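Trainee: Could we go through this structure together? I would like to learn how to read it.
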Amino acid sequence: MNTVKLVAVFAENRPGQTARITETLARASINIRCITVASSGAFGVMKLLVNDPDLACQALKREGFAATLMDVIAVEMSDKPGALHTVADCLAAHDINLANTSGFAANNRAILVIEVQDPAQAGGILKEHGFHILTQQEALTV
Amino acid sequence: MFWHQETETLARPALEALQLKRLQETLRRLERVPFYRGKFSETGLQPDQIKSAADMPRLPFTTAADLRENYPDKLLAVSREEVLRLHTSSGTTGKPKALFFSRRDVDNAAELIARALCMTGVTRRDVFQNMMSYGLFTGGLVMHYGAEKVGCMVIPAGPGTSERQLLLMQDFRTTVIHILPSYALYFADFLEKKGVDPRKSLALRKAFVGAEPHTEETRRNIEAALGIDVYNSYGLTEMNGPGVAFECEGKCGMHVWEDNFVLEIINPATGEPVEDGKTGELVLTSINREAMPLLRYRTRDLTSIIPGPCACGRTHRRIHRITGRSDDMLIVRGVNIFPQQIERVLMAMPQIGRNYVIQLEGLDDMTVKVELSPAAFDGEVGHLTELQNQVAEKLRAELWIRPKVDLVASGSLPVAEGKAKRVIDKRSL
């Protein structure tokens, strides 16, 4: 099953923390394609879709950040009303819980990035229902 | 291994007779000091009325405040020409405390360190890197002289940049270090980040840690991280600095050199002696110092005497690691809390780093900041909030109040170069 690797990094919730992370990635010539931040009180977790996740993760760890790679699935939808609902409905019908979800639309394409407990299973189900699951390379060239 | 086997294994009656002889000499010396002369005449006490250690409670205490009031040199028991060296304590408030050494005192302090190093197997073949601050702090020079007495090659590195410490260790094949426990933990992290495996690329085999109270878990963490043996030590400027008590190879308590110090444990509130095994305030009398002996000095360090003999054969009694200072106890919401209790909880949780800060603010709000271990991070915010709750719950079980816990990034809490500053009190009480 196609999965996409995201880089997750721990950051304290105070001014300048994002800048420290982006500086590290800029120095390593990492291109960021998509970013989300989930914050919880004193800290947050930043998740990034980047051109070279292994290199980005190493660069962050070298700078002392707590960073890790996560497998998620990226589903392509049509860029029109109700498209997201068809994906959500399909997963609900199979009793699959969505953890963190984000999405973006560009160049007339709409991509939904979802974290689920078992990416292979969720990806398989979506594929059976005719959805296109992106490879890492495809996700980076939207 | 013994540096001076006869003294170190002296039978108790002979050791106690030696103590008494030296105590009486010290009392005669102290009659030259107006402060003590005043105290003796107040009570009508004559030095020869002290016939055994059981008479100690008849003698007056000396406190940190007495040292400050008599600053700079009013407690000096010899003439100025006989003084070879001055050290002062790392006083946190107001005037420092000054301590003078005669030539014999300098040599004798080194002798006590030599005994301590030798009993853990340090020899003249060792390379001793002293990572404590030099200057007025005794942890630098006093330890330095002791290691030289053993015949080690001593590297007076002082504290400071970890890059330079590592370079010295690599280039000169350092085998023994003297280091603050908080810095040892930080240095282990530094090596990990550099990708240096101390077991493979360094020759380290022992560390002597002291000058900060720390827990058994901290010792084990340092030992595991650096692949070495870590020995606890106890000392204070007022009693020569390091060298009052050190661990032998058994690592089960620190032997107090009782031929040099009379050891008492008292109830800090009443001043009454407590029985062996019970925790109380350590009170020390220096009985083998010339320039500035002190009588029944209230160290404010809390410990207990470990009853019974030690397997190493030394007859000098052992004290437990310091469990706190009678004056660094915090009172939060009416509960007595020692920072060491918090340290003990945190050190037992691998998901949490080694450094921490206790912050008190508002009317009695306690926040404990802890560092997330990078290895424990899996990208899930939910797991992090769960971890925060878990830490808070374990602290509640230990302290009986539930602090707020903030998870912060590894390496973001300050590492003090001197004694670690763990408590920030900004309360508006």
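Trainee: What should I know about the model and its numbering?

Mentor: This is a predicted model, in which local features need pLDDT of at least 70, side-chain atom pairs count only at pLDDT 80 or more, and totals for chains, interfaces and linings use all residues. Residues are numbered from 1 along each chain as its sequence is written, while chains are lettered from A and ligands numbered from 1 in the order in which they are written.

Trainee: How many helices and strands has chain B?

Mentor: Chain B has 12 helices and 21 strands. These are DSSP runs numbered from the N terminus: helices are H or I with at least four residues, strands E with at least two.

Trainee: And what share of chain B is buried?

Mentor: Of its 429 residues, 43% are buried. A residue is buried if 20 or more other C-beta atoms, placed from the backbone, lie within 10 Å of its own.

Trainee: Which residues have the most contacts inside the largest nonpolar core?

Mentor: They are B:I113, B:A184, B:A207, B:V244 and B:F261, in a core of 79 residues. Such a core is a set of buried Ala, Val, Leu, Ile, Met, Phe, Trp, Tyr and Cys residues joined through C-beta atoms within 7 Å.

Trainee: Which helix gives the most to this core?

Mentor: Helix α5 (residues 103-119) of chain B does, with eight residues. Leaving aside neighbours within four places in sequence, B:I113 is in contact with residues including B:V142, B:M143 and B:P242. Contact requires C-beta atoms, placed from the backbone, within 7 Å.

Trainee: Turning to the two chains, how many residues does each give to the contact?

Mentor: Chain A gives 16 residues and chain B gives 16 residues. On the side of chain A, the largest share, four residues, comes from β1(A).

Trainee: Lastly, how do α10 and α11 of chain B pack?

Mentor: Helix α10 (residues 216-226) and helix α11 (residues 339-347) of chain B pack at about 45°, with axes 8 Å apart. Axes are lines fitted to C-alpha atoms, for helices over the stretch in contact, and angles run from 0 to 180 degrees between N-to-C directions.

Trainee: What is that orientation called?

Mentor: α10(B) and α11(B) are therefore oblique to each other, since angles under 35 degrees count as roughly parallel, over 145 as roughly antiparallel, 65 to 115 as roughly perpendicular and the rest as oblique.

Trainee: Which residues meet there?

Mentor: B:E217, B:T218 and B:N221 of α10(B) meet B:E343, B:R344 and B:M347 of α11(B).

Notes. Buried ≥ 20, exposed ≤ 12 C-beta atoms within 10 Å, placed from the backbone.
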